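User: I would like to learn how to read the features of a model such as the one shown here. Could we take them one at a time, with the general idea before the case?

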Amino acid sequence: MKIYVRYPLKKEYINKILALSQNVEITDNIEEADIFFGWGLNKEEFKKAKSLKWIQLTSAGVDHMLYDDIINSDVILTSASGVHPKSIAEHVFGLILSWTRRINVAIKGKIEKRWNKDEIEWCDELTGKTMGIIGYGNIGQEIGRIAKCFDIRVIGLKKKKENIKIQPDELLTFQDLDKLLNDSDIIVIVLPLTKETENFISEEEFNKMKNNVIFVNVGRGRTVDEKALIKALQENKIQCALLDVFYNEPLPNDSPLWDMENVIITPHIAGMTPYYDERVVEIFLKNLKEYPNVERMINVVDKEAGY
């Protein structure tokens, strides 16, 4: 099996891949590769890869690879789902605590060398609040696990009530979205981007939220109608927006979000972790041991469903 690697792996990880079997070799020619390991291929490259049978992505998101040529092919597509739960969950609570404990305001004072205690008129607690997690997959469940440590009531929302390892206090499906919107003090979006989830949260949904809700998005920017989000912030329909992902990235300089006091922005870094390479190679090796038995491989993408 010839593997084309497009990812800056250390030699130790390359050696682990090669040590798996005598039949495995690394190639620098995409046209002869049986397996691709990396972030993705463009359409032109995919057409050249005549021998390609399996694409192992190094990203959990797959929306960038779901073009027609891929969808209509027999090529197996697997994701790196499972790499991010720890880092993204911790990032979520970093954002929330930065807001509720007014750390964002204190940091501004530190930068300006001002003791700005008089600007911090309130702080809040998480204990006893209700968190709605939209997208209760691996990442959502890790967020839910940590939330329980804060004595937060957790509502999980998932397309199907399956593959649940960490049970929330209440598990809902997409049809029950309104209940989550009505009941939640904190709403966290962890959705993948699919045809079904694009603009999943729009003006209609913002109008159904509590007017003091803390809104967090660490999934995909295009799952939220950004114009509707900005309007909700401007009209004080929600308390704040804590955002790591955006409709367009980098976030344009003229976006109103930059200047809003009730917005915290991080530049799509929630998934960053020093353990990324180790985890993504572990996923690849598990799949490489089972390939071509797709029934035993993990993170196999339903190309029609989009995840």
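User: What covers the buried residues of H10?

Analyst: This is a predicted model, so local features need pLDDT of at least 70 and side-chain atom pairs count only at pLDDT 80 or more, while totals for chains, interfaces and linings use all residues. Residues are numbered from 1 along each chain as its sequence is written, and side-chain values use heavy atoms, with hydrogens and water left out. Helices (H or I, at least four residues) and strands (E, at least two) are DSSP runs, numbered from the N terminus; contact means heavy atoms within 4.5 Å. Buried means under 20% relative accessible area, exposed over 50% and partly exposed in between, with a 1.4 Å probe and protein chains only. In H10, the buried residues are Tyr276, Val280, Val281, Ile283, Phe284, Leu285, Asn287 and Leu288. What covers them includes strand E1 (2–6), helix H1 (11–19), strand E3 (35–38), strand E4 (54–57) and strand E5 (76–78).

User: Why does the distance between the end C-alpha atoms of H10 agree with its number of residues?

Analyst: The expected span of a helix is 1.5 Å times one less than its number of residues. Helix H10 (residues 276–290) has 15 residues and should therefore span 21 Å, and its end C-alpha atoms are 22 Å apart, which agrees.

User: How do E3 and E4, two of the covering strands, relate to each other?

Analyst: Two strands pair if DSSP finds at least two bridges between them. E3 and E4 run parallel and are joined by four bridges, one of which can be followed through phenylalanine 36, whose partner in E4 is isoleucine 55. In a regular strand the side chains alternate between the two faces of the sheet. In E4, Trp54 and Gln56 lie on one side and Ile55 and Leu57 on the other, and all of these are buried, so that both faces are covered.

User: In what order do the strands of the open sheet lie?

Analyst: Strands of a sheet pair through backbone hydrogen bonds, either parallel or antiparallel. Here seven strands form an open sheet with parallel pairing, in the order E8-E7-E6-E9-E10-E11-E12. Strand E8 (170–172) and strand E12 (263–265) are the edge strands, each pairing on one side only. Direction ignored, neighbouring strands are turned by 15° against each other on average.

User: Are the residues of E6 buried or exposed?

Analyst: Five of the five residues of E6 are buried: Thr130, Gly132 and Ile134 point one way, and Met131 and Ile133 the other way. E6 pairs in the parallel sense with strand E7 (residues 153–157) over five bridges, and the partner of threonine 130 in E7 is arginine 153. E6 (residues 130–134) also runs parallel to strand E9 (residues 186–189), with four bridges between them, and here isoleucine 133 has valine 188 as its partner.

User: Which strands does H9 lie across?

Analyst: Axes are lines fitted to C-alpha atoms, for helices over the stretch in contact, and angles run from 0 to 180 degrees between N-to-C directions. Helix H9 (residues 226–234) lies across strand E10 (214–217), strand E11 (240–243) and E12, and runs at about 140° to E11.

User: Which residues line the largest cavity?

Analyst: On a 1 Å grid over the protein atoms alone, a cavity is a set of points where a 1.4 Å probe fits but cannot get out, and lining residues have an atom within 4 Å of a point; a pocket is instead an open set with protein on both sides within 12 Å along at least five of seven lines. Grid points are joined across faces, edges and corners, and a volume is the space filled by probe spheres set on the points. The search of the whole structure finds one cavity of 30 Å³ or more, and the largest cavity holds about 40 Å³ of space. Its lining is made of Phe215, Asn217, Gly221, Val224, Glu226, Leu229, Leu243, Val245 and Phe246, with at least two residues supplied by each of E10 and H9.

User: What is the volume of the second largest pocket?

Analyst: The second largest pocket has a volume of about 490 Å³. It is lined by 21 residues, of which Asn104, Val105, Glu261, Val263 and Ile264 are the closest to its centre. Helix H4 (85–100), helix H5 (103–111) and E12 each give two or more residues to this lining, and the largest share, five residues, comes from H5.
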